[in-house]
Every structure is written in structure tokens, then in C-alpha cells.
Number of protein chains: 2
Amino acid sequence: MAGTPRIPRPTAARVSLYLRELERRLERGESTIRSRELGHCLGLTDTQVRKDLGHIGHLGFPGVGYRIEDLIARLRFLSGTDRGWRAAVVGVGNIGRALLSYDRFESEGFRIVAAFDSDPEKIGRHVGTHEILPMERLGELVRERGIRIAIVTTPPAAAQDAADALVEAGISGILNFAPCRLEVPPSVVSTEVDLGMSLLQLALQVRLVNGELLEIEEDPARSGPVRARSIRR
Amino acid sequence: MAGTPRIPRPTAARVSLYLRELERRLERGESTIRSRELGHCLGLTDTQVRKDLGHIGHLGFPGVGYRIEDLIARLRFLSGTDRGWRAAVVGVGNIGRALLSYDRFESEGFRIVAAFDSDPEKIGRHVGTHEILPMERLGELVRERGIRIAIVTTPPAAAQDAADALVEAGISGILNFAPCRLEVPPSVVSTEVDLGMSLLQLALQVRLVNGELLEIEEDPARSGPVRARSIRR
DNA sequence: CAATGTGAATGTATTCACAGCT
DNA sequence: AGCTGTGAATACATTCACATTG
């Protein structure tokens, strides 16, 4: 029974896109949607939407489309956001505070149930309703409060230590805002949100779109059939 | 016209990864690196690294590797982060404030040179060295200060208006933290960082890795026992 | 020689085309 | 009729294998 249903990675990455759009439409009172329309407003083709949703379960009605409510239920079930994930924030700096005040997680199926920091100055202070707790209590509280996901917002120098402590405590996933790669065992999922990297990627795209990249060989006198090593400045 | 040299999208997405690792190594005093090592610490194969760097320009030396300094120069040139990008923050809430205090952008080739908000209460106040300016002055200041990139951190309801104003002002790229899709003309690049979506993707990956997805066949709501059709595989 | 750069082979994702439902 | 679901065809990305190079 090893048959993992295996959802292709690109499809999995689009699940959250679908979910957000579907919830918006449900709020507006719509009850069904066709693949063409869903795709169009998300910048995808209708075929791609059907392929994706096909991987997820056969929920469409030929001639009609998809029932939005069923689709949402399915996607929330898949992502576990129907049951709610309990999460912790580790590192209460500027970004950590912003996340602790972000009121949208709750409705999206996540609940932040603890905030940790290693700075003794900060311990015991509050951010909104969250008390800042010492790192020493991390293992204990992860178990007691059923925390499975952690958001790391420490300075980069402290991020690996935080990750080690989280792994030790038995966490399942880490969302890492520190601009560094974390070493974790393969059973733990770690993904990164690096603001600098996001900006850089945006900048690169801007240059590509605007055709600002004259490209290759800075030396125009050079264009012979012989490629390979040319000049490198 | 010569076909755009076109860097494949996955390659472009890895540029920022390479750059971050290379800069770390340069700081440590290393001067060359081989594709195998660079790939290993980034979770890529050596071949993939060579293919990527091959798209970017021929900078390697057989038998030796790549000169880190040259590679960094090339990647920064490509992304325009050698000249510096001037950026604005639009929407000074929790996340906006965190970004205005984020001291890392400068060294990565970006400078935040203006902060805007539509709330009259906030106008004139300061976050760090940044004065909060009224949206009305956006067009003027984008031109005066050479702003090409904007970071949108308004509530979702205000994000599209902000985007329209930015497009009108002649911005080239938008990094959008509001959890909604922005409509922009194709000449403007808009990318999204949705914290909820990031968490949801992480959650989905955790479930996939942990094999929590038993995967049920179809919902029995309204489908007779006959399923002759749609047997896949 | 040891590592790059790159065609050829493989693997994966998207798009096409259409059979089959409602 | 209109739309879904899906094999077949295409496009794209990664990996392999090796000739080439400083």
C-alpha cells in the first residue's frame, strides 16, 4: 500500500492559491466555479486547473463545474487547516512581533500558541495576548500545547540553535524567516522566506522584463564560433 | 533581433540562493569554489550548478572552479544590486514597520527611500529615520527619488488602490505582502509574499512527508455505487 | 589531472484533443 | 450543449556522460 497519492510539487504549491480564491468567492455567495474562470483569475489555463484538481480528488461535475464549498473542504482537509495547526514563534524581534499581531492566521487554520526568545530582557513581556517565554521551556511547551509548526524569526546567528532545539522538541515543520539555510533531519520540513531574496528575485525579473540585460560577452569584439572560455575580466 | 539570452525561470530563482552563499564564503575569506561544493551545501547537484552558472556567463576555470568574487560581481550585475535599487514601502502597519527597520536590505543592494500611508494619523510620524508620507505625494516622490520598486504592506482592501497609484507613478516592480492578487499591466512585475500561503504550503508538505494523507476515494455524497468510469490507471 | 561546459538522454510538467458525463 | 477528466503530444528541466580546458 505504498501507493502515496503523490501530488506533484507544482500542484501542491498552487493549492494555497486555489484556496484563497475559492474562499473569497464563497464569501461573495458564489457556489460553483468552472475551471476556465478559476484559472483565468489566477493566471492559469483551464486545463491546468483541471489537472491539479484531478490530482486532488474527482470533485467536478461535467457541464457544471466545481462546487466551491466541497472544493474548499477538500483542500482544507488536505492541508490540515480544517483541524487547525498549533504554531510557535521563536524570536521576538520586529518581524516576530509583526507575526504575533497578524490576525489572519487564525481564520486560515493556524493558531500561534507560544512565543519564545532567548533575551532575558524580553521574557515575561507581552505582545498582544502572547507572553514571551524563555527558550528553556520550549521542549516542555511544544509537547504540552501540541505545537507542530514553528516560525523562526531570530537573527541568523541564532537560527540554527533555535532549529536544533525545535527538532529536539519534536517539531514537524519550520518556516524560517532568518536569512540562512537550516540543517534539519529529512523528517522535518523547513522552508524559507527570505525578504532579501524575494526582493532580489523581483529585481531580476524587472530587469528581464525590461530587457535591461544586454547579456553575455561584455566584449563586443568577441563572437567567434569558439565558445568556451572567453575573457572574464 | 537576437533572441533574448533568456535565463530559465528555475535558474533565475536560484540566483539569489547562490548569491547569498557566495557572499557568506567571501566573508570567510574563501576565494574559489567548485560546483560540487556549492551545490552540496545548497541541496543541488554539481551539474545543476554548472548549468545554471553556464546560463549566466562562462566564469569557471576547468580544474579549479569559480572565482567567488567574479561570480558575485556577475550575479549582482545581473540583478542590478550592484547599482542599488531605490524602494518605497506603502502601508505602515506591523509588517511595514518591521520592513522599515530591517537593516539588511542596504547591504543587499536595496535602499528604502520613502514610506507612505493613507492614514492621516500616521502622516509625519517617523519609523526609524523614515518619515511617513501621504499617498498624495507618491507620484512626485517616485520621480524625484528614482524609486523603481515598491513594497506593498497595506491591508488587502487597500492594496489594489495602492498598486494602481504605483503603476500610475511609473514603478517597475511590486513586492506585495497583502494577501490578494494585484492587477498590473504586463510591463510591471508583481510578486507576492503571502504569509498565510507560506504556512499553508509548509503544512501541506508536512502532511505529505509524514504520510498523513491516506487519501480517500471520492466523497460518497451523491455518487451511486457504480463507478465503472473514471478508474484511473 | 581535476573540474568545467555541454550535447544527449531522461524525467517531469504543461498543453492539446477528445471521450464521456450531467 | 457545456464542462470535466485524462491519455497523448509537446515543452521544459534535470541528470548523465564525456570531450575540453587551464
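The contact between the two chains takes 81 residues from chain B and 76 residues from chain A, contact meaning heavy atoms within 4.5 Å. The model is predicted: local features need pLDDT of at least 70, side-chain atom pairs count only at pLDDT 80 or more, and totals for chains, interfaces and linings use all residues. Residues are numbered from 1 along each chain as its sequence is written, chains are lettered from A and ligands numbered from 1 in the order in which they are written, and side-chain values use heavy atoms, with hydrogens and water left out.

Chain B and chain A bury about 7200 Å² between them. Carbon and sulfur atoms carry 65% of that area. Buried area is the accessible area (1.4 Å probe) that two parts lose on being put together, summed over both. B:Arg20, B:His58 and B:Leu199 supply 10% of the area that chain B buries against chain A, more than any other three residues.

Six salt bridges are counted between chain B and chain A. A salt bridge is a side-chain nitrogen of Lys or Arg within 4 Å of a carboxyl oxygen of Asp or Glu. A:Arg20 pairs in this way with B:Asp194, with the closest N and O atoms 2.7 Å apart. Helix α8 (residues 195-209) of chain B gives the largest share of the side of chain B that touches chain A, 14 residues. Helices are DSSP runs (H or I, at least four residues), numbered from the N terminus. By class, this side of chain B has 43 nonpolar, 20 polar and 18 charged residues. Ala, Val, Leu, Ile, Met, Phe, Trp, Tyr, Cys and Pro count as nonpolar, Asp, Glu, Lys and Arg as charged, and the others, Gly among them, as polar.

Helix packing also crosses between the chains. The axes of α8 (residues 195-209) of chain A and α4 (residues 68-79) of chain B come within 8 Å and cross at roughly 65 degrees. Axes are lines fitted to C-alpha atoms, for helices over the stretch in contact, and angles run from 0 to 180 degrees between N-to-C directions. α8(A) is therefore roughly perpendicular to α4(B), a label for angles of 65 to 115 degrees. A:Leu200, A:Ala203, A:Leu204 and A:Arg207 meet B:Phe77, B:Leu78 and B:Ser79 there.

Within chain A, the axes of α2 (residues 35-42) and α3 (residues 46-56) come within 8 Å and cross at roughly 110 degrees. α2(A) is thus roughly perpendicular to α3(A). A:Ser35, A:Arg36, A:Leu38 and A:Gly39 in α2(A) meet A:Asp46, A:Val49 and A:Arg50 in α3(A).

Over all chains, the structure holds 34 salt bridges. One of them joins A:Glu37 to A:Arg25.

How values were computed. Helices (H or I, at least four residues) and strands (E, at least two) are DSSP runs, numbered from the N terminus. Angles under 35 degrees count as roughly parallel, over 145 as roughly antiparallel, 65 to 115 as roughly perpendicular and the rest as oblique.
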